[in-house]
Amino acid sequence: MIAVSQLSVVLGGRRVLHDVSLAAGAGELVALCGPNGAGKSTLLRALAGLLPDTPAPDPRLVAYLPQGARCAWGLTVEQVAALGRIPHRDAATGPVIEALRLCGILALRLTRVDRISGGEARRAMLARVFATEPDVFLLDEPTADLDPAASHDVMRLLRVTADAGRTVVVVLHALDLALRYAHRVVVLADGRVAADLPAADALPAAAAAFGLAFGIDPEPRLLPPG
Amino acid sequence: MIRRLALLLALLFAASLLIGDGIVALPHGIILAQVRLPRTLLGVMVGGGLGLSGAVLQGALRNPLADPGLLGITGTAGLGAVIAFYWGLAAHFAPALPIGGLLGAAIGAGFLLGFAGRAPSGPSLILAGVAVSAIAAALLALALTLAPNPFALAEITFWLMGGLGDRTLSQVALAALPILLGGAILLRLGPGLDALSLGEDTARSLGVPVSRTLHQAAMGTALAVGAGASVAGAIGFIGLVVPHLLRPWFGERPGALLLPAPLAGAALLLVADMLVRLAPLVLPMSAAPPVGVLTALLGAPFLVAIARRAAP
């Protein structure tokens, strides 16, 4: 369970969030959607306790993946994932290996993270979050840089994780992934919550936030695996 | 690997005791105890402090070009020593020079942390270091133009180039405590530096106190490098080069470099100091040149090589 209530945030003189309340419970996969600059990443940072006035949660229980995270040094994939054990102050390898397996990069574990593709590096960062074994996952664009099949793999992993009783809050630009995999979709626009709906009902509100029309698409398109 | 590095350092330590200014021989007991031993011990401490600080700062700032000199503490230590020299204090009281250097380093560290603010991030720490360096360099130039006579100017300039020679055991002892204290602070930063390799936000979310880690990196560096510079002058490039030499052997995880870095820094400075002492044997010069000259001459091309390799 993680929540903020009536949060307003001003960054650099600009009001980024107005009176936003959000709660995500155990067993829930919540997708944060909305146009660029709507305040999605700021809301996630607030949940992670990274804004000046927000309290920092227990790092063993709440793990955060920032947008576009990259590693400054050529650590191996396994070393990157092992950083997720820092909050526990242990060197347990079991959770690290399991995290690498879940994220589909176990075969790359001894490869340097600066010598693999952007999508593989992104999954190494995600494996770092899973290695912490947190109760709450706060993920900013975990499917950025991933190919369509890998995006579906990651989203299915997040859904399974939520269904196993964890809380997952994920910022997504890919609306189709949000509508397909999330339990709930929260649409942010101009720093306010424009809609907070079950995924099945969220399409009209999400489309309105982006200023897009929606309807039944007669064109052939890729289907998710399975 | 780390054992081999320690063995190498022990061999270099023994070799350094056997090498004098332009001679290679087992010296008389007094020379061994009062000339070679202080010189070698100082080389180990100063080189170790530089190597460890370099590894910590590169990790903390996520920058492969970070060097202990970047924080400006070397400059303020030199300034403090020059002021002690300028007022003639050193002529009456021999430890005045290192004490002046230590005071300069402490004042520089105070300015550095003041400029960086209460919650420093990597860029604010670098900016603060650049400001402290600039002020120290300006005041040093002022002190040099006000030098009482040409001999004093020559002596100050020679001292500033950095060297391990003609230091007494008491000077070495004076520098030892701050260097060891700084080293103890820096060696504990491993997990924080590892987390910082994913950026300050991720490190914070992993429960690492980022501002405190940067504070401690700056304080430890000020102690370890400032005390070294106050006795041995400004010796450049050791701190920059050592982490790069170690990464192919120990991996790139910043925490994995913290133990080998002081060993490698000490070994590197001992080698450089032995080379300058042997230089009069092969080159037409009457006395050994300052070791800081050699480390800069060797370090600068290395810097270019790093920049070339980092370029896409």
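## Exercises on chain A

Chain A holds 7 helices and 8 strands, where helices (H or I, at least four residues) and strands (E, at least two) are DSSP runs numbered from the N terminus. The model is predicted: local features need pLDDT of at least 70, side-chain atom pairs count only at pLDDT 80 or more, and totals for chains, interfaces and linings use all residues. Residues are numbered from 1 along each chain as its sequence is written, and chains are lettered from A and ligands numbered from 1 in the order in which they are written.

**Exercise 1.** Describe how β1 and β2 of chain A are joined.

*Solution.* Strand β1 covers residues 2-11 and strand β2 residues 14-24. They run antiparallel, with 7 bridges between them; two strands pair if DSSP finds at least two bridges. One bridge partner is A:Ala24 in β2(A), which faces A:Ile2. The hairpin has 2 residues between the strands, and A:Gly12 takes a positive phi near 55°.

**Exercise 2.** Compare the radius of gyration of chain A with that of a compact globule.

*Solution.* The radius is taken over C-alpha atoms, and the globule rule is 2.2 Å times the number of residues to the power 0.38. For 226 residues the rule gives a value near 17 Å; chain A has 17 Å, so the two agree.

**Exercise 3.** Which kinds of residue form the side of chain A that touches chain B?

*Solution.* Contact requires C-beta atoms, placed from the backbone, within 7 Å. By this rule 16 residues of chain A are in contact with 17 residues of chain B. The chain A side has 14 nonpolar, 2 polar and no charged residues. Here Ala, Val, Leu, Ile, Met, Phe, Trp, Tyr, Cys and Pro count as nonpolar, Asp, Glu, Lys and Arg as charged, and the others, Gly among them, as polar.

Methods
Contact = placed C-beta atoms within 7 Å.
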